[in-house]
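Please consult the sequence and structure shown here.

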Amino acid sequence: MGTLEINGHHYLDGRASDPRELGWMRGAPAPSDKRITFDGGTFRDFPQIRWSFSHMRELMPTVNVWRGQGTPVQFDRSERVDEIDALSFADLNGVVRRFGEALIDSYVDGIVVLHRGKIVYERYFGALEPHLPHECQSCTKSYTGTLAAALIHEGVLDDSQTISHYLPELRTTAWEAATLRQVLDMRTSITFREGYDEHSDIWQYRWAFGRLPRPVGYDGPRTSCDYLRTVRKHGVHGEFAYQSLNTQVLAWVMMRVTGRSLAQLLHERLWAPLGCEEDGCLEIDPGGMPLAESGLSATLRDFARFGELMRCEGRWNGKQLIPASIVHDVQRGGKRANVEAGYTYRSQWWVSDNELGAFEARGIHGQRLYVAPEAEMVVAIFASHPVAEGAGDMITSPQLLTLGRMLRAK
């Protein structure tokens, strides 16, 4: 079988790790060595994730994000598959690659490219199919952040208010004096390590949420809200620090104030108005709380719809679903301090300073919603890369910039 070396480790390459090649979950029942279940937690290991990310409803408790009763809105098409597949670019290591082949090397499960609102390129790999929802990972944050920004615009929320004003349960925690805007822009200082190794705080949080089987003898928090109550302040709020727990707090505030679940808000404000083709779903904890920072699954085209809505400044089929001022505020970005090179962060979106004016929803293992207004382009990517952080960036970042330059010239 083919392998790739990534960060000094060898992994099955994009072809060899294809779930169809490995025979995951085939048979009635599947053989024990080809079975992927929640028990044991290996469903979040590579290469199992190449199947799992397209089948989260079968592995985790979820709540439905209803698409509504309306007729789905279909994208117009203007196919340019051969032209785009043949596009060449140099990755960040200087290796010249072809667009289509590079998708395999970055473990892409599916990609849709929109240009001026039309599908010009669409491909699926591995376990993903057009009708299947795929886990969005931290791209979920951008949905949550956009909904929160809309509620602030409407005066339902006040971003200058403290979190404890909305959630008295979080007095004495890290968020007691943090403002809603600081939470929205990830400018809090909390005792939480975001890393994705098994010694990081993320694992403790996953056990509390129920995203992984709990170890024998586990006696820690058993819901996400219980876990949030244990988190203490680390320093002074105000500097950027990417911490997923902030998004969970943000969603809790939204649900408390509106009396609506996150699934209802997504249905009412995005899924139904956008004419999505399929229902989405949100992972929920034992207390019924959604995983607002990484638990959304959506189909690839429905994922792209959200990007197109943002590219069009919140307008869809003649209706203003999101105030244009919110999109403009995201595009202006946040403060430069302590944000990743070339990016700022605003309302749970990553904002680049590149020539395409791109801003992005990004998630571990390669999820990406790339909105490039200067190229009139949106690219939706689902992936199952073996590496969590920075997955495929050496390839994908220059790949999308090259594609945007080509479409901008048309």
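The points below are grouped by topic, after a note on conventions.

This is a predicted model, in which local features need pLDDT of at least 70 and side-chain atom pairs count only at pLDDT 80 or more, while totals for chains, interfaces and linings use all residues. Residues are numbered from 1 along each chain as its sequence is written, and side-chain values use heavy atoms, with hydrogens and water left out.

**Sheet**

- An open, antiparallel sheet is formed by 7 strands in the order β7-β6-β17-β16-β15-β14-β13 (strands are DSSP runs of E with at least two residues, helices runs of H or I with at least four, numbered from the N terminus; two strands pair if DSSP finds at least two bridges between them).
- β13 and β14 (residues 349-352) run antiparallel and are joined by 4 bridges; Tyr343 has Ser352 in β14 as its bridge partner.

**Helices**

- Helix α5 lies across β13, β14, β15 (359-363) and β16 (367-372), running at about 125° to β15 (axes are lines fitted to C-alpha atoms, for helices over the stretch in contact, and angles run from 0 to 180 degrees between N-to-C directions).
- Helix α12 (residues 300-311) packs on the sheet, where it touches β6 (108-115), β7, β14, β15, β16 and β17 (377-383); its direction makes about 145° with that of β17.
- The axes of α5 (residues 139-153) and α11 (residues 262-271) come within 11 Å and cross at roughly 75°.
- α5 and α11 are therefore roughly perpendicular to each other (65 to 115 degrees).
- Tyr143, Thr144, Leu147, Ala150 and Leu151 of α5 make the contact with Leu262, Leu265, Leu266, Arg269, Leu270 and Trp271 of α11 (contact means heavy atoms within 4.5 Å).

**Cavities**

- The structure holds 2 cavities of 30 Å³ or more (a cavity is a set of points on a 1 Å grid over the protein atoms alone where a 1.4 Å probe fits but cannot get out, and lining residues have an atom within 4 Å of a point; a volume is the space filled by probe spheres set on the points, which are joined across faces, edges and corners).
- The largest cavity contains about 80 Å³ of space, and its lining includes Glu194, Arg206, Arg211 and Glu293.
- The second largest cavity has a volume of about 50 Å³; among its lining residues are Arg368, Ile381 and His385.

Conventions:
Parallel < 35°, antiparallel > 145°, perpendicular 65-115°, else oblique. 1 Å grid on protein atoms, 1.4 Å probe; cavity = no way out; pocket = protein on both sides within 12 Å on 5 of 7 lines; lining within 4 Å.
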